[in-house]
Amino acid sequence: MGNWVVNEGLSIFVILVWLGLNAFLFWWYYRVYDVPVKFHYSRELLGSALAWARAPAACLNFNCLLILLPVCRNLLSFLRGSSACCSTRIRRQLDRNLTFHKMVAWMIALHTAIHTIAHLFNVERCVDARVERKTTIQFALSELGDKSEETYLNFVRKKIPNPEGGLYVAFTYLAGLSGVVITLALILIITSSTKTIRRSYFEVFWYTHHLFVIFFIGLVIHGAGRIVRGQTAESLKEHDPKICEKNFTQWGKIRGCPIPQFAGNPPMTWKWVVVPMILYLFERLVRFWRSQQKVVITKVVNHPFKTFELQMMKKGFKMEVGQYVFVQCPTVSHLEWHPFTLTSAPEEDYFSIHIRIVGDWTEGLSSACGCDKQEFQEAWKLPKILVDGPFGTASEDVFSYETVMLVGAGIGVTPFASVLKSVWYKYCNDATNLRLKKIYFYWLCRDTHAFEWFADLLQSLENQMQERDNAEFLSYNIYLTGWDESQATHFTVHHDEEKDVITGLKQKTLYGRPNWENEFKTIASQHPSSRVGVFLCGPEALAETLNKQCINNSDADPRGVHFIFNKENF
């Protein structure tokens, strides 16, 4: 339970506060439209659907205020890098920005559904009230506004029966038309954001996600028509609905019951979203300005396993370990930006990314850089590259712990390349002030080719630690997860040799998947009273496993060992 609080406590606290605010806003605005006498005649006309439409509208405003903030990456990076105003726990919460962004999006979808369904009932009742028999109060309320000295309550002014009347409202009134547009935009944004679409058709996800511009424009103007109306304060002083509703046929003819006057609610959404919209606009301006600064490709390196490396230089570029950048190549696409973890160390005079060819964009970039050619590529033939970043990630906190576990799956090893390189440089320059004392490194790959581009770094680090008589500093375990037992048996013959046959390292390659429970228990026994940072760049299934092990293998006693889980998010 102790480490559950450490690993999940802040996140759960934020979620509970967020859910609590949603519940409070829903309850508060439901009562605003369901109780006050101001909306008595509105409820007579529309029934309970009025409150059911307005309550989720308030929650929509609140969540639309939040939805842009988690994707203001420069703002988050600034907060993350400011230790004065951002503690380690807060920084860990900022690392979950995309998770929170998705949760807010689903909440917007939920309240949009409730809001839309409630308004469908409202429109149906408004249209029916204009054409039903004249003996009902709903008809009398709908007739108000037909004369010049009256103000209307029913926003539907034409007498067209349903379903034609409902369609007329949906596509001719500002509220109806903007509501249709923003609902369609939201449906496209959410459906194109599923994991399958993002991974297989990233361009579809990228382009449709920018419909958020139309969504926010429509959202701001949605309430400009002021179709939700209530009785004015002056009218309430002269006309008490609880007394006069029974005499609706005599309004304006008897004393104490003059014709009631109504006014629409002023638009409120813009007050909720104007600040995040301005912040996001500045965010995009900063990104554009930074992305236009010249980037020089100094080296293109082909690696096995359909991976290539770009080494680049850019004036004023400063990075920390594990950070990432967004990359655009106009030769391939003028609109697409893709995130890549930096594999270089802050101590190097260039910055680099490793790119695995897995789709049309990466394949196009590979061809543009000449990776498919055998001959030497002239520098002037290399494509123009735009780089935005760097942006902060969880891996920046590696040096905040004395003991860390680094777990990379496949190409997910890239942030730890930066970490291990930085460690190597720090030891080359005498790392007496280095807080980090022990690294447990795990790399899981399906086949041997994936190891080749990274093995040189591990060999250099291995030799460096041995020369400085600190071989115990780095404990690494490399796992081949895609091999069956017969393939593994072929290499066990060479197990007694000094170096591993596959990687060339002294640490032998392991086959299959790690027994994480045993690994955590072993580390816990060797570091009984410490906070161990667990850093992962890999799939969600592995994240769930490691997070569970972090919780299960931490002591309830605050003085015991605690595993702190951190995951890379892009």
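Rings of Phe, Tyr and Trp (its six-membered ring) count as a pair if their centres lie within 6.5 Å, with planes under 30 degrees apart called stacked, over 60 edge-to-face and the rest tilted. In this structure, such ring pairs link F24, W27 and W28 into a cluster. The model is predicted, so local features need pLDDT of at least 70 and side-chain atom pairs count only at pLDDT 80 or more, while totals for chains, interfaces and linings use all residues. Residues are numbered from 1 along each chain as its sequence is written, and side-chain values use heavy atoms, with hydrogens and water left out.

**Aromatic pairs**
- The structure holds 21 aromatic pairs.
- W18 and F100 form an edge-to-face pair, because their ring centres are 5.7 Å apart and their planes are at 70 degrees.
- W18 lies in helix 1 and F100 in helix 6, so this pair ties together parts that are 82 residues apart in sequence; helices (H or I, at least four residues) are DSSP runs numbered from the N terminus, as are strands (E, at least two).
- Both W18 and F100 are buried, where buried means under 20% relative accessible area, exposed over 50% and partly exposed in between (1.4 Å probe, protein chains only).
- F155 and Y173 also pair edge-to-face, at 5.6 Å centre to centre and 85 degrees between the planes.

**Charges over rings**
- The charged end of R229 sits over the ring of Y152, 3.9 Å from its centre; this requires NZ of Lys or CZ of Arg within 6 Å of the ring centre and within 35 degrees of the ring normal.
- The charged end of K438 sits over the ring of Y440, 5.0 Å from its centre.

- Beyond its neighbours within four places in sequence, L219 is in contact with C64, I182, T269 and V273, contact meaning heavy atoms within 4.5 Å.

**Cysteines**
- A search of the whole structure finds 1 disulfide, defined as a pair of cysteine sulfur atoms within 2.5 Å.
- This disulfide joins C244 to C257, with S to S at 2.1 Å.
- The torsion about the S-S bond of C244 and C257 is about -90 degrees, so the disulfide is left-handed.
- C244 and C257 are both buried.
- The sulfur of C329 is 6.4 Å from the closest cysteine sulfur, in C369, which is too far for a bond.
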